[in-house]
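Biologist: I have a new model open and could use a quick tour. Can you walk me through it?

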Amino acid sequence: MSMLPRTRPKRPWFPWVRAGLTVVVLGGGAWALMELGTRYLGLQKLTIEQVNVSGCRGERQAEIQALAEKLALGKPLFWLDAEELRSRIEAKRWVRNLQIRKDPPDRLSLVVEERRPVLWLVRSNGVFLVSDDGILLDRVNQANLSPIPVVVDPASQTDQGLARLVSAARVLREKQAGFYDRVTEFRWSPKGPVAYIEGLPAPIYLSRQDVTKNVPNFQGLFVDRLSQRPDLARLRYIDLRWDEEVAVGEPEDAPAGVKTPR
């Protein structure tokens, strides 16, 4: 009488156990080699003993330094949970980006990119910095006091209006820095962005499509002609939205507004 063939029972958990044992053995071997090298060959342990922070200064640098040291000092350099460190630092509103570099044998280097303010936002509860990507940053104080344009007009502080003014300010700073540095106030109007500069009470209407349009023409015109006029304070407006020309709103008792050729 023939006997039925015997089969081994299936063990679906066996591959996982084997993988776990392999990881334990390899990890233990690596740890043992590191300990032997440290004790008998004079090799340094790859643990974080110093944190270098660059890209920011003052209180902000001290804040990042303290946080990074709390999370990283004494931890294995290459096993550090860098994503946790990144998320904790980038959660700060003034941090735009963070680069993390692990420098053997014991140093962690952090390069912080700060958000740059382009506007002051004046509200009833305080004055705030607004970054070039539209993030509301710190309150203005002696530490971050800088001469940048303000937005005071409440009608210009709607989400849409403020976003457009931030975009206009960013473009002007990048492409027409000389003009941006002279702007004291921005407003949003049905005609588009409006700028006010020191020494000229009249509003300057900027192009909605290209905020830099005619700005170089205006700069030359202001220096050569407008700034010399005795009735400068009585000009009603400057309009830069026209193609290749600057429109000047003459005083009420003067002839109608003219367009000044390029």
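Predicted model: local features only at pLDDT ≥ 70, side-chain atom pairs only at ≥ 80, totals over all residues.

Biologist: Which strand is L119 found in?

Modeller: L119 belongs to strand β4, which covers residues 117-123.

Biologist: Buried or exposed, that L119?

Modeller: Buried. Its relative accessible area is 0%, and the cut-off for buried is under 20%.

Biologist: How far is L119 from S131 in space?

Modeller: 7.1 Å, C-alpha to C-alpha. In sequence the two are 12 residues apart.

Biologist: And where is S131 found?

Modeller: In strand β5, residues 126-131. S131 is buried too, with a relative accessible area of 0%.

Biologist: What does S131 touch?

Modeller: Not counting residues up to four places away in sequence, S131 touches R115, R116, P117, V118, L137 and V166. V166 is also on the contact list of L119.

Biologist: Let's zoom out. How many helices and strands does the protein have?

Modeller: Six helices and 13 strands. The protein has 262 residues, and 37% of them count as buried.

Biologist: What share of the contacts comes from residues 24 or more positions apart?

Modeller: 47%, taken over the contacts with a separation of 6 or more.

Biologist: Now a helix. Which residues of α3 are buried?

Modeller: In α3, residues 82-90, the buried ones are A82, L85 and I89. They span an arc of only 65° around the axis, so they sit on the same side of α3.

Biologist: What covers them?

Modeller: The cover includes helix α2 (58-72) and strands β2 (95-103) and β3 (107-114).

Biologist: How do the lining residues divide into nonpolar, polar and charged?

Modeller: Five are nonpolar, five are polar and seven are charged.

Biologist: Last stop, β11 and β12. In what sense do they pair?

Modeller: Antiparallel, over three bridges. Strand β11 covers residues 237-239, and β12 covers residues 245-249. In one of the bridges, I238 has V248 of β12 as its partner.

Biologist: What do they form, and how many residues lie between them?

Modeller: They form a hairpin, with five residues between the strands. In the turn, E244 has a positive phi of about 60°.

Biologist: Why do you call β12 largely enclosed?

Modeller: Because four of its five residues are buried, the rest of the structure largely encloses β12.

Biologist: Give me a recap of where to look.

Modeller: Look at L119 in β4 and S131 in β5. Then turn to the buried side of α3, with A82, L85 and I89. Go on to the largest pocket, with α2 in its lining. Finish at the hairpin of β11 and β12.

Methods. Residues numbered from 1 in each chain as written. Heavy atoms only, no water. Helix = DSSP H or I, 4+ residues; strand = E, 2+ residues; numbered from the N terminus. Buried < 20%, exposed > 50% of the residue type's maximum accessible area, 1.4 Å probe, protein only. Contact = heavy atoms within 4.5 Å. Pairing = 2+ DSSP bridges. Arc of directions from axis to C-beta. Nonpolar A, V, L, I, M, F, W, Y, C, P; charged D, E, K, R; others polar.
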